[in-house]
Amino acid sequence: MSQFDPRRAAQVRSTTESLCELFRENANRLFFRETVKRQPDIGAGRPGEEAQRRTRLASSDSGRAVTSEVDLVLLGYWWDGGVAYTCSAAERSLLRIVSHSAWVRGAVQKENAWRLKGRQQEFMDLLRAAQRIRQAVDATSQMERLARMISLCTPNLPIDRAFPPEHAEGQMVALLMETEQPPEGPVDLYLTRSPCRHCANGFARLSKLHDMYHDITTQNPQAYKGARRPEYDQFRNDYEDAGFDRWKIGWILYGAPYENRENQTDWAALDRAVRNGSVSGHRRLY
Ligand SMILES: [Zn+2]
């Protein structure tokens, strides 16, 4: 059980919230189809608020349309000596468009749409924000790997994924698992919204990993030598490869409670995560 540094938490929170705000404010205004589609003029008619919300961004590189209805969850995480930011991956394509699309930049530079006139500064701010936000290379495969490890610890409760890979939490855990130089010690995090039900349960399951690893390596290695030994060897490799022997989740701090009705925060799961040692604690920051 560690304590979080309130000053550092406040700093990360402030950056996380401002990055989120920048996206919410600017993304809807700047990047929807009417503004970026390749037309010299989008016409005189101004689309209404509702039409704007429903319009989709046209992605030039993936060919996939991305909704401009940004419901971004941003996550800042920090450890002794570092800090990083990530977000829900529904906006991954949005980030890519903002960061890499010459097409979007061209549209902005041309100022050929009323909406974009005089918007270069907003675009540059958004671009800078996008470049600070990390995305996992492949959160899905890391989450499947994590689920395999957890399933070995809880054979009666098989799960197919630990955290939804598209959620900010899944992105963060995948980033930590895939990094070449994982941090040492607790990793505290600040979320603009409290973890959803799935993620809260994901956090609560992490202690099983640590218990299993402890068992395999120090407590009772003999018990893991039978027919299933390859599975346990695999587990140990995966665990160490993901850096779980170096870092662990510390505090989960958040702003507003997550509101999605079907997927509301499972507070009992978060409390369980604290009791079983998966995380140091959880708290809303005001
Ligand atoms: Zn979630």
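## Confidence and overall make-up

The mean pLDDT of the protein chain is 79, with 70% of the residues at 70 or more; pLDDT is the predictor's confidence in each residue, from 0 to 100. This is a predicted model, in which local features need pLDDT of at least 70 and side-chain atom pairs count only at pLDDT 80 or more, while totals for chains, interfaces and linings use all residues. Residues are numbered from 1 along each chain as its sequence is written.

The protein chain holds eleven helices and eight strands, taken as DSSP runs numbered from the N terminus (helices are H or I with at least four residues, strands are E with at least two). Of its 286 residues, 37% count as buried. Here buried means 20 or more other C-beta atoms within 10 Å of the residue's own, exposed means 12 or fewer, and partly exposed lies in between, with C-beta atoms placed from the backbone. Among contacts between residues at least 6 apart in sequence, 77% join residues at least 24 apart; a contact needs C-beta atoms, placed from the backbone, within 7 Å.

## The six-stranded sheet

Six strands form an open sheet with mixed pairing, in the order β5-β4-β3-β6-β7-β8. Two strands pair if DSSP finds at least two bridges between them. The edges belong to β5 (133–134) and β8 (281–284); each has a single partner strand, so one side of each is left without a neighbour in the sheet. Helix α8 (residues 168–178) packs on this sheet, touching β3, β4 (82–87), β5, β6 and β7 (247–256), and its direction makes about 135 degrees with that of β4.

Let's look at strand β3 (residues 74–79), which pairs with β6 (residues 185–193) in the antiparallel sense over four bridges. With β4, strand β3 pairs in the antiparallel sense over six bridges. Leucine 75 has a partner on either hand: leucine 191 in β6 and threonine 86 in β4. Glycine 76 stands opposite tyrosine 190 in β6. Five of the six residues of β3 are buried. The hairpin of β3 and β4 has two residues between the strands, and its glycine 81 takes a positive phi near 105 degrees.

## Helices α7 and α8

The axes of α7 (residues 139–153) and α8 come within 9 Å and cross at roughly 80 degrees. Axes are lines fitted to C-alpha atoms, for helices over the stretch in contact, and angles run from 0 to 180 degrees between N-to-C directions. The two helices are therefore roughly perpendicular to each other, a label for 65 to 115 degrees. On the α7 side the contact uses Ala139, Gln142, Met143 and Leu146, and on the α8 side Gly170, Gln171, Val173, Ala174, Met177 and Glu178.

Proline 164 sits in the loop between α7 and α8. It counts as buried because it has 20 C-beta neighbours inside 10 Å. Leaving aside neighbours within four places in sequence, proline 164 is in contact with Gly170 and His198. Cysteine 199 is 35 residues from proline 164 in sequence, and their C-alpha atoms are 7.2 Å apart.

## Where to read with care

Over residues 51–69 the pLDDT stays under 50, and the model has 45 contacts for them beyond four places in sequence. Residues 110–114 also have pLDDT below 50, with six contacts in the model beyond near neighbours in sequence. Where pLDDT is low, the predicted coordinates should not be read in detail.

Notes:
Contact = placed C-beta atoms within 7 Å. Parallel < 35°, antiparallel > 145°, perpendicular 65-115°, else oblique.
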